[in-house]
Amino acid sequence: MTFLLAGGGGLLSFNTGFAIWILVSLIIFLLVMMKYAVPPIMTALTDREQNIKESLEAAEKAIAKAEKISKDNEKALREAEAKAQQIRKEAVDEAELIRVERINKAKEEADQIIEQAKATIEQEKKQALDELRSEVAKLAVKSASIIIDSELDNEKNNKLVDKFLTDLSKN
Amino acid sequence: MIQTLRRVFLTLLFLSVSTSNTFAADDAEGAQEPVIDVMGTVADHDYFKVPKFINGGKLYLPRIFYWETAEGEAKLSAYASTKKALASDEFIETDEGAIVPAGGGSIKVDLSITSHLVYFWLGMGLAVILTIMAASRYKKGIGRDVEPKGAMQNIFEVLFVFIRDDVARDNIDAHKADRYVPFLFTMFMGISFMNLFGLLPWAATATADLTVTATLALVTFVITQFSGTKDHWAHVFWFPGVPGWVRFILTPVEILGLFTKPFALAIRLFANMLSGKIMIIAILGLVFIFADLFGAGAGFGVGIFSVSLTVVLYALKVFVGLLQAYIFTLLSAVFIGMAAEDHHHDEEGYHTEHIAEEVSA
């Protein structure tokens with residue numbers, strides 16, 4: 001197996017015994033590397049890369065979630081504000097309505113009271129007038145009877161006075 | 001590919017010139033050592049080089065031989081060092097420095113521990129130990145449940161994720177890629193450490209050895225072939241939708257392509273690491289050659305030039321060392337990806353692009 005290309009020196013010669021040593025020790029080194037040295041490193045690196053990848057993904061998801069939540073919150077806030085405003089407006093409207101109603105009712109009541117009062121007054125007045133009329137008639141008849149006395153027919157005089165009074169009240 | 005061939009050619013040229021010169025010098029001046037031994041520095045040794053004050057700069061490594069005696073009896077012998085092997089009277093040293101059995105016969109397989117092997121173990125071992133240390137941290141949860149802590153783990157993770165994402169997952173189908181990460185990562189880290197260890201003082205570059213790179217490429221080759229899908233083999237041996245006579249050309253080219261890929265891997269890494277090393281030694285060697293020829297003053301003068309150039313080359317070597325480890329790993333991933341790919345595209349387009357690729361390779 002020895003081939004001397006250069007003729008001397010032995011620099012380019014292939015030494016079988018040496019090659020056997022190299023081959024055997026290289027195989028041992030390779031086996032040690034394959035069985036004991038490299039696999040833990042490979043798994044560790046893969047695990048770490050996986051971890052980092054997962055963490056990044058989780059962080060991204062968390063950020064997205066947080067963003068969504070904050071957006072939701074904002075939306076809810078806006079909605080709540082709108083609702084509050086609406087409620088306030090409704091309340092104001094209702095209050096206005098109630099106020100108007102109350103005023104109307106009060107006015108109505110007042111009108112009614114006034115009406116009643118007027119009616120009562122009218123009645124009183126009528127009564128008073130009636131009383132006054134009969135009193136005046138009596139008085140007039142009395143005074144006329146006193147003045148004219150027996151000359152006059154009582155009935156005719158009453159009619160005459162009534163007519164006069166009716167005309168009077170109409171004017 | 002052309003670049004690699006050129007590198008090999010230059011290396012061969014360099015070797016042929018340098019060896020003939022060495023022999024010429026030996027003939028003229030007898031046993032005198034050359035001023036600077038370029039080949040000796042990059043070649044493999046039976047000792048581990050250390051600073052001079054420890055054991056004279058050399059820690060001898062064990063020699064193990066599987067050999068046959070003159071009677072044809074097979075034997076496996078191990079010695080603590082070359083000297084012990086020679087002292088046992090079983091082996092003698094020839095004039096060229098080779099070890100042969102004393103009573104005739106031959107060494108069948110030289111299983112000696114060499115400096116390159118030690119550096120291979122150091123480089124690969126450091127890669128494995130660092131990975132296991134990192135793995136224990138990840139097991140504890142640091143880096144899995146929390147962020148990675150400390151410079152070491154962060155640097156480790158950068159490299160690991162780079163190999164996993166940019167090398168494996170980019171070139172191999174997604175559901176298969178993770179299976180090849182241990183192999184690619186071991187190759188990348190191991191080759192990087194071997195390349196970088198070569199830059200340390202006294203150290204040797206294990207990847208500047210054809211045996212090492214060829215074995216690494218062989219492992220890539222075997223893994224590539226074992227991960228080949230039916231589609232891959234169909235495209236190697238039998239081209240659906242191609243005229244019959246074209247197959248006579250394409251099939252040999254494809255089969256050849258299976259072997260040229262790992263061959264290119266081996267040569268590319270080897271030549272890159274060796275060339276850089278030789279260049280540094282040659283440029284630094286100028287200091288000693290000039291000192292030898294013209295005296296110490298000339299040596300100092302050249303030293304300024306040589307050392308500053310070497311600093312630049314070192315920076316380049318660090319880059320090239322990492323780059324070549326990356327290229328080896330990337331191309332391994334590409335080859336595996338090509339073999340393991342499930343083809344979904346139309347046959348016409350695939351063949352035109354595939355043939356073009358083969359021609360350019």
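**Notes on the A/B model**

1. Start with how chain B is laid out: it splits into domain 1 (62-112) and domain 2 (116-360). The C-alpha centres of these two domains of chain B sit 35 Å apart. Keep in mind that this is a predicted model.

2. Next, the interface. On the chain B side, 39 residues are in contact with 35 residues of chain A. Several elements of chain B each put in at least two residues, namely α1 (2-29), α2 (38-42), β7 (106-110), α4 (115-140), α5 (151-171), α7 (181-197) and α8 (210-226). The top contributor is α4(B), with eleven residues on the side that touches chain A.

3. As for the make-up of that chain B surface, the residues touching chain A come out as 26 nonpolar, nine polar and four charged.

4. Now the inside. The largest nonpolar core runs to 72 residues, and B:Ala168, B:Tyr180, B:Leu184 and B:Phe270 have the most contacts inside it. The largest share belongs to α1(A), which gives eleven residues. Domain 1 (62-112) and domain 2 (116-360) of chain B each supply at least three residues to this core as well.

5. Leaving out residues up to four places away in sequence, B:Tyr180 touches B:Ala168, B:Ile172, B:Ala333 and B:Ile336. Of these partners, B:Ala168 is also on the list of residues with the most contacts inside the core, as is B:Tyr180.

Notes:
Residues numbered from 1 in each chain as written. Chains lettered and ligands numbered in written order. Predicted model: local features only at pLDDT ≥ 70, side-chain atom pairs only at ≥ 80, totals over all residues. Contact = placed C-beta atoms within 7 Å. Helix = DSSP H or I, 4+ residues; strand = E, 2+ residues; numbered from the N terminus. Nonpolar A, V, L, I, M, F, W, Y, C, P; charged D, E, K, R; others polar. Domains from an automatic or database assignment. Core = buried A, V, L, I, M, F, W, Y, C linked by C-beta atoms within 7 Å. Buried ≥ 20, exposed ≤ 12 C-beta atoms within 10 Å, placed from the backbone.
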